[in-house]
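Dear colleague,

Please find below the structure that I am handing over to you. My findings follow directly after it.

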Protein chains: 2
Amino acid sequence: MHDSAEEMPTALDPLEQQMVAFFVDGVRVIGLPPSIGQIYGLLFISRQPLALDDLVKRLEMSKGSVSQGLRTLKTLGAVREVTATDAADRKTYYEPAVELKRLVGGFIREQILPHLLSGTEKAESIRSLAANHPDQEQRTFLINRISRLDKWMRSGRRMLPIIQRILGE
Amino acid sequence: MHDSAEEMPTALDPLEQQMVAFFVDGVRVIGLPPSIGQIYGLLFISRQPLALDDLVKRLEMSKGSVSQGLRTLKTLGAVREVTATDAADRKTYYEPAVELKRLVGGFIREQILPHLLSGTEKAESIRSLAANHPDQEQRTFLINRISRLDKWMRSGRRMLPIIQRILGE
DNA sequence: AAGTTTGTTCAAAAAAGTTTGAACAAGCGG
DNA sequence: CCGCTTGTTCAAACTTTTTTGAACAAACTT
C-alpha cells in the first residue's frame, strides 16, 4: 500500500514528551518497566486511539516491546481495545482507561492480591515449622511473631475494598 | 579478643530460611532489594537484637550490604537501634519494628508521598504547556486529561491518612 | 601512639531486568 | 497459492540495579 493521505508526525512534541516522562516515572513506582509508561503516557495524551504500529513509530520503540507492553496494560485493565471504524482496517487500536478506580483495581487484582494470598499460605507453612520447636519459650515467641504476619495479611485484605471504594468517588 | 563463651551458629535453620525468603518476596513487592528482606526477615524471627556483624555472619552477606540495608530500614522506620546491656559492648544492635502501622507509615512517608507531591508539581507544569496549544478543541481535550492527573494525586493524598488509620487498628 | 573494634563509602563485579530484532504465526485479498 | 499486513515470541544484546570487598574513618584500649 502507498502513503496514506494523513502522515503521522514521527517525533513527540514537548507536551507529549513530558507526559510520557510523567508516566515513565509513575509506572516505575509500581514496579513496571519504562516502556509501559511510555506507551500508556502517549495513549493518555492522544485524542484518538493508537495502534501498535503508531506506538512503534512515535515512541521509536521495537515492535516486541510495544506488543508486550500492551499485553501487560491489557491485563492490568489500563487500556481498552477498540476496533477501527473503517471495516477494511484490521488493526487493533488502544485507548487508555482513565478512571483511577479501574487502574487501581487492576493493580490490586494483579499485583497486590496474589501476594497477600500467597503470603497467608506461606505464613501458615512457617507456623507449622515453628510448632515443632523443642524449647517451649522459644516456640511461644516464634508462634507469636508468625501470627503477626497473618494479621498483616488480613489487614491488607480488609483494606483493599476500602481503598477501591474511596477511589470510586 | 578471644572466642566468647557463646558461639553464634553460622547457618540459618529451616525456619529462619523460610522467614528470610518470606521477606525477600515481601520487600520485592515494594521495590526494595533482596538483601533488605533478608536482614529484616532474620531480625523478625530473632528473639534478641542483632548487630551488623551477626547479620553478616548469619546471612553470609557482605558488610557493605548489611550496612546499607540497615540504613534503609532505619530510614523507613522498620528497625530500631538498641544499645547493648553490657556497657563494654560498643556494637549497635537492631530489632525489628513489628507494628504494621509503623511499617506502612514509613513506606508511605518515604516512598509514596514524595511521588504524589512531585507528581502534582509535574502535572501543573504539563498543564501550562498545554495551555499554549493553538487549536481550541485540542487544548480543551488536553487540559481535561491533565486535570485528571491532578485529581489522581489528590485522591492519593486523601487516601493515605485513611489507610494509616485503618492499620492503626 | 599503635592496634583493635565497629561501621561507612564507593568503584568495580555480578546479577537481574529490559529491550531489540529476526523468526514465526495467522488471517486476508487477489 | 502467494504475498502482504498485523501481531507475537524469545534468545541475545543491552541497561540498570544490587552486591561485594577493599579502603577509609572514628572511637576505644592498652
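**Surfaces facing the DNA**

The surface near DNA strand C divides into seven nonpolar, eight polar and seven charged residues. In this classification Ala, Val, Leu, Ile, Met, Phe, Trp, Tyr, Cys and Pro are nonpolar, Asp, Glu, Lys and Arg are charged, and the others, Gly among them, are polar. A residue is near a molecule or strand if its C-beta atom, placed from the backbone, lies within 6 Å of it.

Please note that this is a predicted model, in which local features need pLDDT of at least 70 and side-chain atom pairs count only at pLDDT 80 or more, whereas totals for chains, interfaces and linings use all residues. Residues are numbered from 1 along each chain as its sequence is written, while chains are lettered from A and ligands numbered from 1 in the order in which they are written.

Of the 22 residues around DNA strand C, S35(A), G64(A), G64(B), S67(B) and T92(B) come nearest. Two or more residues each are given to this surface by α2 and α4 of chain A and by α3 (52-59) and α4 of chain B. The largest share, six residues, comes from α4(B). Helices (H or I, at least four residues) and strands (E, at least two) are DSSP runs, numbered from the N terminus.

DNA strand D also has 22 residues around it, of which G64(A), S67(A), P33(B), S35(B) and G64(B) come nearest. Here the elements that give two or more residues are α3 (52-59) and α4 (63-75) of chain A, together with α2 (34-45) and α4 (63-75) of chain B. The largest share of the surface near DNA strand D, five residues, comes from α4(A). By class, this surface has eight nonpolar, eight polar and six charged residues.

**Chain A**

Chain A has six helices and three strands, in the sequence pattern α-α-β-α-α-β-β-α-α. Along the principal axes, the C-alpha atoms of chain A fill a box of roughly 80 × 35 × 30 Å.

The three strands form an open sheet of order β1-β3-β2 (chain A) with antiparallel pairing. Because β1 (50-51) and β2 (79-83) of chain A stand at the edges, each with a single partner strand, one side of each is left without a neighbour in the sheet. Strands pair if DSSP finds at least two bridges between them. Five bridges link β2(A) to β3 (residues 92-96) of chain A; T83(A) has T92(A) as its bridge partner, and V79(A) stands opposite P96(A). Two bridges join β1(A) to β3(A), with Y93(A) as the bridge partner of A51(A).

**Contact between the chains**

Chain B places 28 residues in contact with 28 residues of chain A, where contact requires C-beta atoms, placed from the backbone, within 7 Å. On the chain B side, α1 (14-29), α2, α5 (100-130) and α6 (136-167) each give two or more residues. Of these elements, α6(B) gives the most, with 11 residues. By class, this side of chain B has 19 nonpolar, five polar and four charged residues.

Yours sincerely

Definitions and conventions: Two residues are in contact if their C-beta atoms, placed from the backbone, lie within 7 Å.
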